Amino acid sequence: MLSSRGTRCAAISDIPWRYALRQSYNKDTNPDGLISFALAENIPMRKEIVKYINEKVTFTEDSVSYGPKPATTPRLLAALVAHLQRNFHPVTPVDPQNILIANNPTSLGSMLGITLAEPGDGILVSRPMYGRFELDYGLEAGVNIVYADTDPEEAFSSAVVDKYEIALKEAERRGQKIRAVLLVNPNNPVGRCYPVETLKAILRFCKQHQIHLISDEVYGMCGFDSGSPDAVPFTSILSIDLSGLIDPNLVHMLYGFSKDFASGGLHLGFLISQNKKLLQACTALLSVAPSIVLHKNVQKKVTRLCTDLMADGLIEDSTRLAASYRLVTSILDREGIRYVKGGNAGFFIYIDLSPYLPSSYSEEEEPLSTTTSTSSRQPTDQQATKAEFALAQRLLDAGVFLHPGEEHGPKRGWFRLVFSQEEDVLRKGLNRMIKALKG
């Protein structure tokens, strides 16, 4: 017999398509393998990271010994601070004492759920939004993601706070307390950045309701020139003067190296906050968090990455991301597949495949509410969800994977297409996808 928490966690695996399928394609050894457009990994950059580590990082006997706890070396903190100062342009210098290191931003999200909210409370996000936050903040903390439905354009305008207000009031009518607003900037899955005025409007909203703002900036250095004259550049929450906008103790930034440095396997994430009590609470939780990130050998690797690789590697990768983005969008335009334009950050394009849903699906069968709470599928979603799953299966049968229902939006049929692949793999996967859709 399991506890109620254990039963709830076990049930996650029974949700169809809950987890993304991994890529098995190799043009030489497995040309018929699966090409996955679902996992947000910067695959081309991984070769450079591995080459760099193998050439520059040396293991010693000390590297494999027990290290001090907590193993937060001043050199790593200094390197991170320099990185943030140079690329995130904070209004005031980041104090190393305001940084907490954990094994990844996902674990830090869970810690924030535990420390900022009670079980059953809500964290507010606009959608479309990365769907796995339901697990990140829900599995351990028992916190619900509460959605404020917007179209992709509205989500980046100051008008988004009106939708937040509606969602917050509906949650309160249900007896649910909203504890925070969660942003991903640059946005996942839309691939766009938030304008400064929108960020300030959201900060004012949080101040008005005395709730926290969590700014997940894990894609902060993954910007590129998409060729769009209207593309908005990235603005970190650290670069906004909070005076008169909000109590700084309510603002928290998440960062990690899984995206900017294609190094998810290093398991390293950072929480930057001026809230000392919050940092103390999360530090206590580190005793039960996976600790590989705190090993001093990993810190050596990341410190060298932060100080040496960043300047050259990211500039080159920005050019590569731009080329991949333009390749995909040119093919989508040619084939008449709609997508959210104006992307200039991240590894993804948000595409509309609703015209290819099975014909048995009708929009009238899925009345849209202004908000949807918790991770469970709503009864009104059943027909649309089945249609989206059927389309995903058709693509899977053709050897290409797009994750259905994971990047949540108000309407079914929208998928996140991850384009950070080698060009030949990207072209092969797109060819498979288009043949499956048009066939």
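1. Let's start with a pair of charged side chains. Lys341 and Asp333 meet in a salt bridge, with 3.4 Å from N to O. Lys341 is partly exposed at 49% relative accessibility, and Asp333 is partly exposed too, at 44%. Keep in mind as you read on that this is a predicted model.

2. How many salt bridges does a search of the whole structure find? The count is 15. As background, side chains of opposite charge can pair when their charged atoms come close. One of these bridges joins the side chains of Asp424 and Lys27, at 3.6 Å from N to O. Asp424 sits in helix H11 (residues 423-438), while Lys27 is in the loop between helix H1 (4-12) and strand S1 (35-36), so this pair ties together parts that are 397 residues apart in sequence. Asp424 is partly exposed at 36% relative accessibility, whereas Lys27 is exposed, with a relative accessible area of 52%.

3. Now have a look at Arg179 and Asp121, whose side chains form a salt bridge at 2.7 Å, N to O. Arg179 belongs to strand S6 (residues 178-184) and Asp121 to the loop between helix H4 (105-116) and strand S3 (122-127), so the parts tied together here are 58 residues apart in sequence. Are the two partners buried or exposed? Arg179 counts as partly exposed at 27% relative accessibility, but Asp121, at 8%, counts as buried. There is also a network of salt bridges, which links Arg22, Glu41 and Arg46.

4. Next, a charged residue without such a partner. Glu217 is in the loop between strand S7 (212-216) and strand S8 (251-256). Glu217 is buried but has no salt bridge, and the nearest side chain of opposite charge, Lys200, is 14 Å away. What does the side chain of Glu217 reach? It reaches the backbone nitrogen of Ile237, at 2.9 Å. Leaving aside neighbours within four places in sequence, Glu217 is in contact with several residues, among them Phe88, Asn185, Phe234, Met253 and Tyr255.

5. Strand S11 (residues 348-352) is worth a click. Five of its five residues are buried. In a regular strand the side chains alternate between the two faces of the sheet. For S11, Phe348, Tyr350 and Asp352 are on one side and Ile349 and Ile351 on the other, and both faces are covered. Which strands pair with S11? Strand S10 (residues 338-339) pairs with S11 in the antiparallel sense over two bridges, and Arg338 has Asp352 as its bridge partner in S11. Strand S15 (residues 414-418) also pairs with S11 in the antiparallel sense, over five bridges; there, the bridge partner of Ile351 is Phe415.

6. Helix H3 (residues 74-87) lets you try a quick check. With 14 residues at 1.5 Å a residue, H3 should span 20 Å, and its end C-alpha atoms are 20 Å apart, which agrees. An α-helix has 3.6 residues a turn, so residues three or four places apart point the same way. The buried residues in H3 include Leu76, Leu77, Leu80, Val81, His83, Leu84 and Asn87. Just after H3, His89 takes a positive phi of about 50°.

7. Trp17, which is not a glycine, has a phi near 60°, and its place is in the loop between H1 and S1. Trp17 is buried, with a relative accessible area of 19%; the cut-off for buried is under 20%. Gln210 is not a glycine either, yet has a positive phi of about 50°. Gln210 is in the loop between H7 and S7 and is exposed, with a relative accessible area of 54%.

8. Where are the cis peptide bonds to look at? One joins Arg127 and Pro128, with omega at about 25°, and Pro128 is in the loop between S3 and strand S4 (129-130). Another joins Asn185 and Pro186, with omega at about 0°. Pro186 is in the loop between S6 and helix H7 (196-209).

9. Last, find Glu154 in the loop between strand S5 (144-149) and helix H6 (160-173). Glu154 and Ser126 are 28 residues apart in sequence, and their C-alpha atoms are 9.5 Å apart in space. Not counting residues up to four places away in sequence, Glu154 touches Val160 and Lys163.

Definitions and conventions. Residues are numbered from 1 along each chain as its sequence is written. This is a predicted model: local features need pLDDT of at least 70, side-chain atom pairs count only at pLDDT 80 or more; totals for chains, interfaces and linings use all residues. Side-chain values use heavy atoms; hydrogens and water are left out. A salt bridge is a side-chain nitrogen of Lys or Arg within 4 Å of a carboxyl oxygen of Asp or Glu. Helices (H or I, at least four residues) and strands (E, at least two) are DSSP runs, numbered from the N terminus. Buried means under 20% relative accessible area, exposed over 50%, partly exposed in between (1.4 Å probe, protein chains only). Two strands pair if DSSP finds at least two bridges between them. Contact means heavy atoms within 4.5 Å. The expected span of a helix is 1.5 Å times one less than its number of residues. Lys and Arg count as positive and Asp and Glu as negative; His and the chain ends are not counted. A polar contact is a pair of N or O atoms within 3.5 Å; within protein, one must be able to donate a hydrogen and the other to accept it, and residues adjacent in sequence count only if both atoms are side-chain atoms.
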